[in-house]
Amino acid sequence: MAGRLGERWLAAAYRGDAWLVALRPLEALYRLAVRRRAAAFAAGRRAIWQAPVPVIVVGNITLGGTGKSPLVAWLARFLAERGWSPGILSRGYGGRSERYPLLLDADTPVTACGDEPRMLADQTGVPVVVDPDRARGARRLLAAGCDILIGDDGLQHLALGRDLELVVVDGRRGFGNGRCLPAGPLREPLTRLDRVDAVVINGEPAFEPPPGAHGMALVPSAWRRLGDGARVAPSPPPFAGPVHALAGIGHPARFFATLETLGVEPIPHAFADHHRFTAADLAFADRRPVVMTAKDAVKCRELAPVDSWVLEVEARPDAAFIDWLQARLVSLSTQAARRASRVAT
């Protein structure tokens with residue numbers, strides 16, 4: 001019930017429903033708390049741990065899905081292809097481990113690490129560490145041999161120093177009514193964008209983009225059969241007729257719309273973000289095929305019926321972003337060498 005109420009509130013926040021005006025006094029208190037916290041870190045009253053290697057944080061300032069995780073996966077592959085040894089650091093929302101930091105291996109259950117870290121580890125093959133204490137988790141990645149760290153959804157975790165901040169924005173929903181919690185969907189005021197290094201907009205923007213913003217597309221790359229891992233091209237689909245489409249992500253409507261662009265007729269089943277699926281969620285009397293996102297698939301391996309498929313998607317940033325990133329990586333290499341030299345002396 002709480003999840004459904006949260007979904008209705010979030011939809012209202014993106015629409016800008018009039019009744020949210022009543023929550024503006026609470027928004028003012030929230031903004032004050034955010035401002036004071038940031039000031040405490042900036043003034044040194046709260047400690048910031050700086051890793052001896054570059055740290056790139058990928059996050060957002062809105063609630064709900066933006067396409068952040070696909071960009072993290074793309075970034076990990078991009079760095080590895082260029083000779084870096086990247087590692088991914090995550091809070092591990094939705095998981096609970098008996099010990100931290102948790103370095104994922106092939107047998108780490110999603111119940112321990114959370115759905116997004118499990119998905120990112122499977123997709124990228126790079127070390128992934130889950131830890132509520134980001135600095136401690138970063139040190140574990142360093143011990144694993146990583147020479148550059150990617151913070152997944154770490155924009156608001158200021159205790160970990162960072163060299164680059166990337167903010168991902170959903171092109172269709174944008175910033176909603178432009179208000180902070182609980183009167184709107186913003187985690188931080190829009191002025192926060194003035195201090196990040198790059199804004200990446202996922203999909204065609206339905207709003208005026210911030211100056212200098214880059215573009216990104218989520219492109220279907222393959223259908224993967226959940227049972228045996230068999231992969232086929234995204235078009236034509238490996239099934240015919242309507243399918244049951246499951247989405248327990250931040251923005252289910254985006255997944256359903258993507259299916260329609262591939263010529264798939266979805267029977268939509270939207271769940272709350274990070275939903276813990278049960279066998280009943282995937283039991284349909286008509287026995288039509290079941291399709292889902294990669295994030296949901298890591299929780300449904302043992303639950304899904306035989307004819308279940310995962311739609312794999314990949315982030316494709318625009319050429320300008322790639323050029324900008326490559327130039328910044330040269331600068332980061334120089335900064336990292338200087339930092340390591342200071343540590344050695």
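This is a predicted model. Look at α6: the elements covering its buried residues include β2 (86-90), β4 (128-130) and β5 (148-152). Which residues of α6 are buried? In this helix, residues 134-143, they are Arg134, Ala135, Gly137, Ala138 and Leu141. Those residues span an arc of only 160 degrees around the axis, so they sit on the same side of α6.

Now the ends of that helix. Just after α6 comes Gly145, which has a positive phi of about 95 degrees.

On to the cores. The largest nonpolar core has 49 residues, and Leu75, Met292 and Leu329 touch the most other members. Helix α3, residues 68-81, contributes the most to this core, with eight residues. What does Leu75 contact, beyond its neighbours within four places in sequence? The answer is Ile56, Val58, Ile150, Leu166 and Leu325. A separate core of 22 residues includes Val55, Leu89, Val167 and Leu186.

Last, the cysteines. How many disulfides are there? The count is zero, taking a disulfide as two cysteine sulfur atoms within 2.5 Å. For Cys146, the nearest cysteine sulfur belongs to Cys113 and is 16 Å away, so by that 2.5 Å cut-off Cys146 is in no disulfide. Buried or exposed? Cys146 is buried, at a relative accessible area of 6%. Cys180 is buried as well, at 0%.

Definitions and conventions: Residues numbered from 1 in each chain as written. Predicted model: local features only at pLDDT ≥ 70, side-chain atom pairs only at ≥ 80, totals over all residues. Heavy atoms only, no water. Buried < 20%, exposed > 50% of the residue type's maximum accessible area, 1.4 Å probe, protein only. Core = buried A, V, L, I, M, F, W, Y, C linked by side-chain atoms within 4.5 Å. Helix = DSSP H or I, 4+ residues; strand = E, 2+ residues; numbered from the N terminus. Contact = heavy atoms within 4.5 Å. Arc of directions from axis to C-beta.
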